[in-house]
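Hi,

Here is the structure I promised to pass on. Have a look at it first, and then read my notes below.

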Amino acid sequence: MDTPAATQTGHPRRWAILGVLVISLLVVVLDNTVLNVALRTIADPQHGLGATQSQLEWAINSYTLVFAGLLFTAGILADRLGRRITLMTGLAIFGIASLISAYADSPGQLIGARALMGLGAAAVMPATLSIIANVFEPRERGRAIGVWAGAVGLGVAIGPIVGGLLLEHFWWGSVFLINVPIVVIGVALVAILVPESRDPRPGRIDVLGVVLSIIGLSLVTYGVIKGGEDGFGDTLAWGTLAAGVLVMVGFVLWERRVAFPSLDVRLFANKQFSASTGIIGLIFFAAMGAMFFGAFYLQLVRGYGPLASGALFLPFAAAQMVFAPRSAAMVKRFGPKIVATTGLVLVAIGLSVWVFVGATTPIWVVAAAYFVMGVGMANVMPPATEAIMASLPREKAGVGSAVSNTIRQLGGALGVAVLGAVLSSVYRDHLGSATDGLPAGAADAARESISGAYGVASRAGAAGQALIQSANDSFITAMHYASVGSAIFAVLGALVAVVWVPGKRPAAAPAPTSAEGLAEEQGVELVEA
């Protein structure tokens, strides 16, 4: 028997819509991990663009800076202008920028095109999650968000494999060109299947709040990037970071007094909202930092190529795909506190395994550690994201999604920067006298990073092997320190979950009993025929 329209809050095509949103999400998430594999080729003067190390870093950082700086603004605009049109516009910008990136003939062009890709991605990410919040009823939303989170994990894990396959058969630009047909298909499917939705009563736009959020988030992100590159003692790094924090404090103070705030900061008094936001930041800090040093370990210390090292992330992807969609059922049975805490403990265990990993550790141990991390994250991200979205009315879903994605992006960037700084510092301290006797420039390069040491060793003749051995030993020691740091942040997340996450799933709000109520609940404007 059909459910009456008055009580049916889920869209009839919601699962097909979710499939379209997953495609839209995957193309954005995949691109970042695919690029990491192509960096060495792009640096090659013959087969790439001859980009310097600094230019390679900014090919990544220009995207991150624009993406993180505009995520919150994109979420606000999606609620006001319409989530479908925002998603389609973001995909179109992303596709055009991918085409420009593929055929860039200088590092400067690539950096600019990557910044444009960040703009498109900033519109796509919050729109996908806010559409899910609007087409699924509360009882199914947790499962749908589980699928969404699984897609993020899948994209992170299979990106290196896709990149390795493309680079084995095509030129470096293929890692960007592959986005174009996917974007075309995605835009067409969004136009056909996804309904438009927006805040029916958006109020006046908070111009100053939007501007402050862009400036503050951009400064914080840039400070984190510079801290990762030059150390947080660098004046530009800590000065920019401090300025960003001050601007964000000003943003909070402004939002507390304005009549129509971009973000109702009183939400952070809600323990469910603030705890879930904190957990997302902490787990991405821990996990992204670990994946950063894991990639160097696999490709340099163990000597695996891009494709083989990428394949070792498959256990992480498999765990995400299997367990993330089931996390909603786990929350329903055991409550969010137990599920989130258990997931964070599993992540901490997976990270702790790296403390015991050496140059000859059986590789299945590394694969098992990634699998345990994947299972843990699959049971943390969906419940935490669902808790954030459930704290806001559906008409503000874009803002909720933007908060979740911004914290995730900043947490991951900060994890790479801080744990990368730990890695570099311990590596230099333990390299000792291995660079004695080398020319000053070569010694500096070898002490800068394990990649630099391998480059110097390749030109050092018979002395190269001894340098590689010392560099490997120093890096593994540094990796152990960084993995302890990662695990500590995962444990902090578990403590947050134990103290502040609710023990039982909050009861869903009653379904609206009129067409007008349904429209308001879903954040959709009713248009009379």
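A residue counts as buried when its relative accessible area is under 20%. Please keep in mind that this is a predicted model.

With that cut-off, Arg 83 is buried, at 0% relative accessibility. Its salt-bridge partner is Asp 79, and the closest N and O atoms of the two are 2.8 Å apart. Asp 79 is buried as well, at 3%.

How many salt bridges does the structure hold? There are two. Glu 140 has a relative accessible area of 19%, so it is buried, and Arg 14 is buried at 15%.

Now to helix α3, residues 83–102. Among the buried residues of α3 are Arg 83, Leu 87, Leu 91, Phe 94 and Ser 98.

On the surface, there is a nonpolar patch made of Leu 77, Leu 81, Ile 85, Ile 205, Val 207, Val 211 and Ile 215, with about 570 Å² of accessible area together. Helices α2 (53–81) and α8 (207–230) each give two or more residues to the patch, and α8 has the largest share, with three. Ile 205 lies in the loop between α7 (179–193) and α8, and is partly exposed at 42% relative accessible area.

Enjoy exploring!

Methods: Residues numbered from 1 in each chain as written. Predicted model: local features only at pLDDT ≥ 70, side-chain atom pairs only at ≥ 80, totals over all residues. Heavy atoms only, no water. Buried < 20%, exposed > 50% of the residue type's maximum accessible area, 1.4 Å probe, protein only. Helix = DSSP H or I, 4+ residues; strand = E, 2+ residues; numbered from the N terminus. Patch = residues over 30% accessible without salt bridge, like charges linked within 9 Å, V, L, I, M, F, W, Y side chains within 5 Å. Areas by Shrake-Rupley, 256 points an atom, 1.4 Å probe, with all protein chains shown as cover. Salt bridge = Lys/Arg side-chain N within 4 Å of Asp/Glu carboxyl O.
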